[in-house]
Amino acid sequence: MLLVLNKKMHKWLAGILGCLCLVLLLLPQHTSAMTAEEIIQRRDSNEYVQTAIADVEMVIINNNRRITKTMTSYADRENALVIFTNPRDRGTKFLKRGEELWMFFPDAEDLVKISGHMLNQGMMGSDFSYQDIMESDKLTDLYEFKLIGEEEMDGRMCYVLEGTALPDKEVAYYRRISWVDKERFVGLREELYARSGRLLKVMTTTKVEQFEDRWYPVEAVMEDRLRKNTSTELVIKSIEFNATIPPETFTLENLR
Amino acid sequence: MFLTKLAFKNLARHRTRTLAVGLIIAFAVFFYIMYDSLMAGMNEMSYEAIIDYETGHLQIAASAYWEEEEKLPLDHLIPLDLLRMTSLAEVQGYQGSSAELSFQARLNNGINELPVVGRGVVPEELMSVFPLSDKFVEGKMFALGEHKVVMGKRLADLLDLDIGDFVTLLVRDKHSTFNTIEAEVSGLVHTINPNVNNFVVYVPLDIAQEALAVGDAVSKVVVRLERKEQAPLASAQLEDKLRAVAADLAVYKWDDVDAISFSRYAAAENRIILGIILLIAGIAIINTVILAALERMREIGTMKAMGLEVREIVYLFVMESTGIGLLGGLIGVVLGALEVWYMVRHGIDFAALVQLDMTSFGVPVVGRIYGKWNPNAFITVFAFAVAVSFLSSILPGYWAAAKDPIQAIQHR
């Protein structure tokens, strides 16, 4: 009886194991069958937020010099307000309203619209240009993405995607190569190229944390590859997703 | 006649006072002449610096582009084909023309970067319009198709660049997409125009057009004439020619540009400063005449006691004061003429004098600043000095002459 049972159990276990093996064999094939667009959309749904309030630290490194700036940022899908809180820049504010970027200097009590060639400058001397923070979120509307391979990055398997600007679309970077974590769908590295093929910037995610059901990059480094020995570290100290932000937060009146 | 002689005798008798007051007037006259000459010279030089290195005598551009020229947009450009259909050389006084594609860029040496103005040019055309050929301090001009750039020596020094070094120009093309121009530094120039020295990077036109994705288009065409006075006529002729080819193209004269308008505004400001100098000089003269009247109160009392009438005493005062005005004015004019002669001939290098970069104070030219002869200034300031001396002595003269002789003699 015991032997029969054991035989039955063995068969049952063998069946389960067989199914598991099949699932395990099929699973990677299923995920690798994801299209580039699906991967980007999974990443976007993970990384882009409806609303969020975050305390952020920015460390600008130029040779051996390190300048630390702290800020609080309020963001929804269209707008963002950044208020600097470190003593030197306290009260300096940036407001992104749709396609416009405004800056407020507390000392001069002056409101400046950042446009044209000013957008190419580093934000507060960092490796992030104003243009970088103005980028549209919907990358799939601007770029045609191709899955060009899979690579290990810091011990994690990544999809490697290449995005090329769609014809007649206004984009800052003609080409971008992204490394997206295969399991957590978080961008771990992004290379941004000029139309000439010159690598302009590299952004590397150095720490990812889980917030309930989403993985979110909390530490990243941006390097301007046209300049030697400079980089900017961005550290999210705390973040509250889906926070309630009053609509008047993103008004010019509130900026003053 | 007796009183006139007496007046001049008085001047000689009180020679220290005469000389002191005369020198105050002379200083005011001298300072006015020098300032006027310097400002006129600086104005002329700044016009030339702008015409010679930025605007030429005429500029052809789309009117929509001109309105936004400060932003150096890549819209509203002129297709070169259109211009080839226009015979620019037939315009009166034509010497040369240069097609330019201007753009915003960041000049990068691999360590630092600076915002600059890129100018895509055809080298031969550029040299025919702007006198750059003898302004090269190092290296030489590039040829079309070469990945080379020419820039101001000062800009190169700021980024520690030398001939043969490689730079990257980061630009945004017509679709706002980042692009780069990798190029070797082939030449360094130094001109009297600080904008060219500090901010301009010349790039071969075809390389710039490719990098900016603008096809065969340029921002504007700069035309050089034999003389700047020919600009109004040549402009009208050119507009007639262009009207047949493209209605949206317009011709802008050298004095239509903002920098020239600003210079004129600055010149108007200088007139105000000159007016203030004259006012101060006038007050100094009046003050001195009043003091002289007070000082000579006892003498006036004596003259009255001896039978001189009020009218005669006033006449004496006016003659003396006018004499001082004439003397001071003459000394000032002679000294001013010597100074202007020196400034016209040798110029003044303010930067070396004060060890400061004068362009940071808004002086629109670098190097020596030369003066300019302005006969009107000599006549105006001399006449002013004499007139103020004459008029300012009437009232104090009356005031002193109206005093009772006994009171005047006892005046302390």
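The tour of this predicted model begins with one whole chain and then turns to particular places in the other.

Select chain A and colour it by secondary structure, where five helices and 13 strands can be picked out. Among the contacts in chain A with a separation of 6 or more, 45% are accounted for by residues 24 or more positions apart.

Next, move to the largest nonpolar core, which has 61 residues, and select I60(B), L107(B) and M151(B), the members that touch the most other members. Centre the view on I60(B) and display its surroundings: leaving aside neighbours within four places in sequence, I60(B) is in contact with residues including I78(B), L83(B), L88(B), V221(B), V223(B), L238(B) and L249(B), and also with S219(B) and K220(B). A second, separate core of 29 residues can be found by selecting V29(B), M39(B), M45(B) and V388(B), which are among its members.

For the last stop, select residues 375-392 and 394-401 of chain B, which are helices α14 and α15, packed at an angle of about 20 degrees with their axes 4 Å apart; α14(B) and α15(B) are therefore roughly parallel to each other. Where do the two helices meet? Show side chains for F390(B), L391(B) and S392(B) in α14(B), which meet I394(B), L395(B) and P396(B) in α15(B). The residues of this contact divide into five nonpolar, one polar and no charged.

Technical notes:
Residues numbered from 1 in each chain as written. Chains lettered and ligands numbered in written order. Predicted model: local features only at pLDDT ≥ 70, side-chain atom pairs only at ≥ 80, totals over all residues. Heavy atoms only, no water. Axes fitted to C-alpha atoms, helices over the stretch in contact; angles between N-to-C directions. Parallel < 35°, antiparallel > 145°, perpendicular 65-115°, else oblique. Contact = heavy atoms within 4.5 Å. Nonpolar A, V, L, I, M, F, W, Y, C, P; charged D, E, K, R; others polar. Core = buried A, V, L, I, M, F, W, Y, C linked by side-chain atoms within 4.5 Å. Buried < 20%, exposed > 50% of the residue type's maximum accessible area, 1.4 Å probe, protein only.
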